[in-house]
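Here's a quick walk through a fold, starting with its sheet and ending with its cores. Have the sequence and the 3D view open as you read.

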Amino acid sequence: MSTIRNAQKKDIPKILELLLQVDMVHHRIRPDIFKGPVTKYTDADLETILADESTPVFVSTDASDCVEGYAFCVIKEHRGDQLLEDGKEVYLDDLCVDAACRGKHIGTALYEYVKTFARQIGARRITLNVWEGNDSALAFYRKQGMAVQKTTMEEEL
């Protein structure tokens, strides 16, 4: 039985392992952008993120409290913006389930946890980015009920 909780400092080594898994997925899709094998955060970066209430990180753990997956979030709020309506959203910066734990609906449980959290803080939406070519992630988020909000395009020179 998995439990979802706020990430703690003791979780950092496993989170770094999972960040490496994510980087390698991105590296395989876009080696022209992602160096691989590296992580986008250091231990010190993660300590700062975990201490900041505007960047909650949730982890799914097994019965032994070992991390099976995570969800990095960023709370974004617009107030008094000339263009944008006032409101709060949760940006899902990263969601990963350990490759060894996939197929147990941990990703769905993490996403549902983020959705409940977003509602509790009065957020109007959850947003995220998915790299083109990451078909499994795109299918997962569509299955959760997400739809395309905007598209980022590029032209290589």
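Two strands count as paired if DSSP finds at least two bridges between them; strands (E, at least two residues) and helices (H or I, at least four) are DSSP runs numbered from the N terminus. By that rule, four bridges join β1 to β2, and the two run antiparallel. Isoleucine 4 sits opposite serine 60 in β2.

This is a predicted model, so to speak: local features need pLDDT of at least 70 and side-chain atom pairs pLDDT 80 or more, while totals for chains, interfaces and linings use all residues. Numbering runs from 1 along each chain as its sequence is written, and side-chain values use heavy atoms, with hydrogens and water left out.

Zooming out, the sheet is open and mixed, with five strands in the order β1-β2-β3-β4-β5. β1 and β5 are the edge strands, each pairing on one side only.

| Element | Residues |
|---|---|
| β2 | residues 57–61 |
| α3 | residues 106–120 |
| α4 | residues 135–143 |

Tyrosine 141 touches Leu92, Leu95, Tyr111, Leu128, Val130 and Met146, leaving aside residues up to four places away in sequence.

Note on methods
Contact = heavy atoms within 4.5 Å.
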